Amino acid sequence: MKNYNPLLIIFTLLFISCSKDNPNNTAPSIFSANTIETRFNGATIEWTESIDPDGDTVTYAIILDGQEIASGSTSLNYSFSGLEPETLYEGYVEARDGNGGTSQAPYFFTTEPEVIIFETNIECRWWEGAGGYGIVNYFEINAVDNAISYHVEILEYSPDPIPSNIGRVYSWTPNSNLPTGNNVGSGASHLTEYTPGVYHANTSTGSGSLIYLDQAIANCEAVTATARVTIIIGE
């Protein structure tokens, strides 16, 4: 049977306990975190530097909604991606000194609604009836699933009438009660739902005798214009 030195056993246990708990270690200093940017699918946070009184190297871990998603970095900012639109997220940055000392700085943010942005060019269409013709310049926008609002801003327009069409903004929602088909009025700039789910932002409209149709078509097709379309997506 082997004999063990009781003093050696006590010293060994004491050494392990001190290494693990490190009662002489001082935690990194208090610091703060804040959100500097939000997107529909992410956000960026930054934080002030946490200084360790013992001179230990401080690294940072990022905890989001209770899950650690990054650690070991000395950077003072972090960008999230792959998040859900219009969602509140909460978490904290944890400063770690490598010896068991930690301090935390909370943060929160709400992601933006999803946004679709593109540019589109103006079009021209006309129709004939018993009383003459109708004609219109328009920007066509197709409905998007889960859209909550649509916005069209004219960026370029030539020849530009007085008052100018440049900068004109059209806004509507899927619940807007818009005229349909060829109900574009005369001379007015307004919106129509040409067919279900197909919106027209009309810039100039006209009507007249069929003997003037060819000239009206030439004038309509001579218009060049570009608009920015912004579609906000929600639940």
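A strand, as the word is used here, is a DSSP run of E with at least two residues, numbered from the N terminus. Glu-156 is found in one of them, strand S11. The model that holds this residue is predicted.

Start with the whole chain. The protein chain has two helices and 15 strands. Of its 235 residues, 34% count as buried. The chain exposes about 13800 Å². Carbon and sulfur atoms supply 52% of that area.

Now look inside. In soluble globular proteins, nonpolar side chains tend to be buried together. The largest nonpolar core here has 20 residues. Phe-139, Ile-141, Tyr-150, Val-152, Tyr-170, Trp-172 and Ile-231 have the most contacts inside it. A second core is separate and has 17 residues. Its members include Ala-43, Trp-47, Leu-64 and Tyr-89.

Next comes an open sheet. Four strands form it, in the order S4-S3-S6-S7, with antiparallel pairing. Strand S4 (67–73) and strand S7 (102–110) stand at the edges. Each has a single partner strand, so one side of each is left without a neighbour in the sheet. Neighbouring strands are turned by 20° against each other on average, direction ignored. Within the sheet, six bridges join S3 (residues 59–64) to S6 (residues 88–96). Ile-63 stands opposite Tyr-92 in S6.

Move on to strands S9 and S10. They form a hairpin with two residues between them. Seven bridges join S9 (residues 123–129) to S10, and the two run antiparallel. Trp-126 stands opposite Ile-135 in S10.

Strand S10 also holds Asn-137. Is this residue buried or exposed? Asn-137 has 4% relative accessibility. The limit for buried is under 20%, so Asn-137 counts as buried. A polar atom of its side chain lies 3.4 Å from the backbone oxygen of Glu-123. Beyond its neighbours within four places in sequence, Asn-137 is in contact with residues including Ile-122, Glu-123 and Cys-124. Tyr-157, Asn-202, Cys-220 and Val-223 are also among its contacts.

Return to Glu-156 in strand S11. Glu-156 is exposed, because its relative accessible area is 51% and exposed means over 50%. Leaving out residues up to four places away in sequence, Glu-156 touches Ile-166, Thr-224, Ala-225 and Thr-226. Glu-156 and Asn-121 are 35 residues apart in sequence. Their C-alpha atoms are 9.4 Å apart in space.

One of the residues touched by Glu-156 is Ile-166. Where is Ile-166 found? Ile-166 is in the loop between S11 and S12. Its relative accessibility is 44%, so it counts as partly exposed. With residues up to four places away set aside, Ile-166 touches Ile-154, Leu-155, Glu-156, Tyr-157 and Asp-160. Ile-166 and Ala-225 are 59 residues apart along the chain. Their C-alpha atoms are separated by 9.0 Å.

Note on methods: Residues numbered from 1 in each chain as written. Predicted model: local features only at pLDDT ≥ 70, side-chain atom pairs only at ≥ 80, totals over all residues. Heavy atoms only, no water. Buried < 20%, exposed > 50% of the residue type's maximum accessible area, 1.4 Å probe, protein only. Areas by Shrake-Rupley, 256 points an atom, 1.4 Å probe, with all protein chains shown as cover. Core = buried A, V, L, I, M, F, W, Y, C linked by side-chain atoms within 4.5 Å. Polar contact = N/O pair within 3.5 Å; in protein donor to acceptor, adjacent residues only side chain to side chain. Contact = heavy atoms within 4.5 Å. Pairing = 2+ DSSP bridges. Axes fitted to C-alpha atoms, helices over the stretch in contact; angles between N-to-C directions.
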